[in-house]
Amino acid sequence: MQISKLLYAKSQYPEFLREIPSPPKELFVLGKVLTDIPLVAIVGSRKPTAYGKQITHQLAGELAHAGVGVVSGLALGIDAIAHQGALDAGGYTIAVQACGLNEIYPASNRNLGRRIIESGGAVVSEYPKGMPPLKQHFPARNRIISGLSLAVIVTEADASSGSLITANFALEQNKLVMAVPGNITSLRSAGPNNLIKTGAIPVTSAADVLTALDLKSTKLSKKPARADSAVEAKLMELLDSGLSNSQELIEQSGLNAAEFANVITLMEITGKVRNLGAGTWIRS
């Protein structure tokens, strides 16, 4: 796909990005940057817990169902899951890169990057073709993630996470900062919990985001899939209670490993659950 360019001086340039301090003079684009829908950034740890994976995918999907686009950085962990959650819900998402667009970075997320573009989303960068992902580029690209967005949500991050740089940029740009509260004993929840203590808006669902941004949606009443058997109903109940790991689900359901594998595979095929990898499951 051909790389296009949005120039600061031209009308196609995103208006919110134009208003930030030190906006990029040009934005290189694979895909299409939409300017007629609200955008919200979701960022966080590169090594999320099962809780972080679940809430990020859920929140991104709910926002997508509500007609809100999701912006993130295509990094491992929370960023990738946020993009996936939006795509799985049929929504729009933008990935901001810290390198030229001749190659999608990191390599392990190239298929995800292609999926974003093919779905009608965009992969963007302020760096020209051939520019490598240098260390200093990552903090700089975070101002673009926040700049494109109405708000920045941190779902899971430790106290020194780079995702907090994005939250700081959001404050400088007069954008809303939001955070998902987490277990106070979890290092991965220290970042969002600290943000909430200093004034960030707590988020437990997309409805909180829509309310804070004064956005309305008629699409959040999506009905959850119904169980087709007592065993499926039990697994759904366990997933709703917060369990997500395969071994925990096996132990609590009373199924053996083979029975669990058969049931959970059928539930995935019929769209009742989603596999987040590493033996982690969530409700669709």
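Mentor: Helices (H or I, at least four residues) and strands (E, at least two) are taken here as DSSP runs, numbered from the N terminus. In that scheme, helix 7 is followed by Gly 199, which has a positive phi near 120°. Please keep in mind that this is a predicted model, in which local features need pLDDT of at least 70 and side-chain atom pairs count only at pLDDT 80 or more, while totals for chains, interfaces and linings use all residues. Residues are numbered from 1 along each chain as its sequence is written, and side-chain values use heavy atoms, with hydrogens and water left out.

Strands of a sheet pair through backbone hydrogen bonds, either parallel or antiparallel.

Within this order, strand 3 and strand 4 are paired in the parallel sense over 3 bridges, with Val 71 of strand 4 as the bridge partner of Ala 41. Strand 7 and strand 8 are also parallel, joined by 4 bridges, and here Val 154 stands opposite Ala 179 of strand 8. Strand 4 (residues 69–72) sends Gly 69 and Val 71 one way and Val 70 and Ser 72 the other way, and all of them are buried, where buried means under 20% relative accessible area, exposed over 50% and partly exposed in between, with a 1.4 Å probe and protein chains only.

Leaving aside neighbours within four places in sequence, Val 71 is in contact with Leu 39, Val 40, Ala 41, Ile 42, His 83, Ile 94, Val 96, Ile 145, Leu 148 and Ser 149, contact being heavy atoms within 4.5 Å. A nonpolar core is a set of buried Ala, Val, Leu, Ile, Met, Phe, Trp, Tyr and Cys residues joined through side-chain atoms within 4.5 Å. The largest such core has 29 residues, and those with the most contacts inside it are Val 33, Val 71, Ile 94, Val 96, Val 124, Leu 148 and Leu 195. Among the elements that each supply at least two residues of this core are strand 2 (26–31), strand 5 (93–96), strand 6 (122–125), helix 5 (137–147) and helix 6 (163–172). A second, separate core of 22 residues includes Val 40, Ala 66, Ala 151 and Val 203.

Helix 6 contains Ser 163, which counts as buried at 7% relative accessibility. Not counting residues up to four places away in sequence, Ser 163 touches Val 43, Gly 44, Val 154 and Ala 157. The side chains of Ser 163 and Ser 161 are joined by a polar contact of 2.8 Å; such a contact is a pair of N or O atoms within 3.5 Å, and within protein one must be able to donate a hydrogen and the other to accept it, residues adjacent in sequence counting only if both atoms are side-chain atoms.

Key:
Pairing = 2+ DSSP bridges.
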